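Me: I am new to this structure. Please show me how to read its features, one at a time.

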Amino acid sequence: MVNDEKASRKKVHVWKSTEEEKFMYSGSITPEKGTFIVEIEPFSIYSITTTTGQRKGNFEPPPSCHLGLPYYETFDEYANGSQPRYFCDQGGAFEICENGFRGKGLSQVITRDIRPIDWVYRKTPDPYTIFGDIDWSNYSVSCWVNLEGQNVATAYAMVGGRVIDSPCNENPPVGYYLKIHGNGFWELKRYTTTLIKGTIENFDATKWHHVKISFKDSKIEVFLDNAKLCDYFDEIGGISSGLVVLGSGYHKVRFDEISVEPLEDFTPAYARKIDDRDPSIRYIGKWNHIFASYSDYRRTLSETPGNGFSYFEYTFEGAGINIIGNIVNNRIKADIFLDGVKVRSINVDDIENGPKKNCSVESPICHLENIQSNLFCILL
Ligand SMILES: [Ca+2]
């Protein structure tokens, strides 16, 4: 493994990183005749070196907490070409530019001619970037957008909120968003569904426009240049909280002066996403807790063959609950109890449409609302 004659006699030191802990020293090995063996565990990254003296840093990160509201970003304090704090690009590239609405702004800079080639297993979505807090629920998001004179249907700017997922494919974010096209056509969408659409007469794609979207429980209101564009009441089962999103097609678009404000007239509602390995879930019966795909929240999955005696219990305060997961072979039989009373039976035996159904937040295995009680149990 080591070709250098001198290096091949040196001890090698092994460091291991997992999702739980980074750079754990895992001992040293003396090569024999220039070779050595390292046992590699799954879901780990190994660093192997002949150098010594390394040690872990001892900085204690502050405890995890929510990102507070109100939240403002002017982009004026950053170097050109850099990425603002908290923003996380999911497609394209959003970077600080010189010519914002006031001072600097945020520009999407990947155009169709320099768009990278898609990975064979996963297509890339149109450019979008997300930031905020998954628990932000009732709030308004506003910003300035500029389509740089592209007065065509194929150019658009996207502003939205309540994003709860970024699909690992070419699909848009799972949330609500407004798309304003250069020719004045606009759509309010929830994920891939168009909720309402229209056209602005004499839309001027050379100018800055102000977009504001507010989320008040199930009501979504959209304003353009301080005039109401539309409102929409989403039905029960809509998305109740999530991140803010900005996006575009593969062309340049500028944004500036992002403002996210809480809507205090409304009872704060929070959606909490709980991993299946959370200690607050009590498992009874036969369960396997496994490492799963990147598409599963925190890469965890709890499986049961379902022998009639396997169930889990979860105690909560709240008005609704969704169960999200995978149904193997599209076959599931489960009874759901609230405070000991059976409220729902699920019985799907549709192996024809198997082998595996991924139930997303948009289409959960089970959705219950208007709950008055707080002990939840599912018997599988
Ligand atoms: Ca600015």
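**Reading strands and backbone**

Reply: Strand 1 (residues 12-17) and strand 3 pair in the antiparallel sense over 5 bridges. Strands (E, at least two residues) are DSSP runs, numbered from the N terminus. Two strands pair if DSSP finds at least two bridges between them. This is a predicted model: local features need pLDDT of at least 70, side-chain atom pairs count only at pLDDT 80 or more, and totals for chains, interfaces and linings use all residues. Residues are numbered from 1 along each chain as its sequence is written.

Me: Which residue stands opposite V14?

Reply: Strands of a sheet pair through backbone hydrogen bonds, either parallel or antiparallel. Here, V14 faces I48 in strand 3.

Me: In what order do the 3 strands form the open sheet?

Reply: The order is 2-1-3, with antiparallel pairing. Strand 2 (24-29) and strand 3 (45-49) are the edge strands, each pairing on one side only.

Me: Which residues does the cis peptide bond join?

Reply: Most residues other than glycine have a negative phi, and most peptide bonds are trans. The cis bond joins L69 and P70, with omega about 0 degrees. P70 sits in the loop between strand 3 and strand 4 (71-73).

Me: What is the phi of E148?

Reply: E148 has a positive phi of about 55 degrees, although it is not a glycine. Its loop runs between strand 9 (139-146) and strand 10 (156-165).

Me: Why does E148 count as partly exposed?

Reply: Because E148 has 15 C-beta neighbours inside 10 Å. A residue is buried if 20 or more other C-beta atoms lie within 10 Å of its own, exposed if 12 or fewer, and partly exposed in between; C-beta atoms are placed from the backbone.

Terms used
Helix = DSSP H or I, 4+ residues; strand = E, 2+ residues; numbered from the N terminus.
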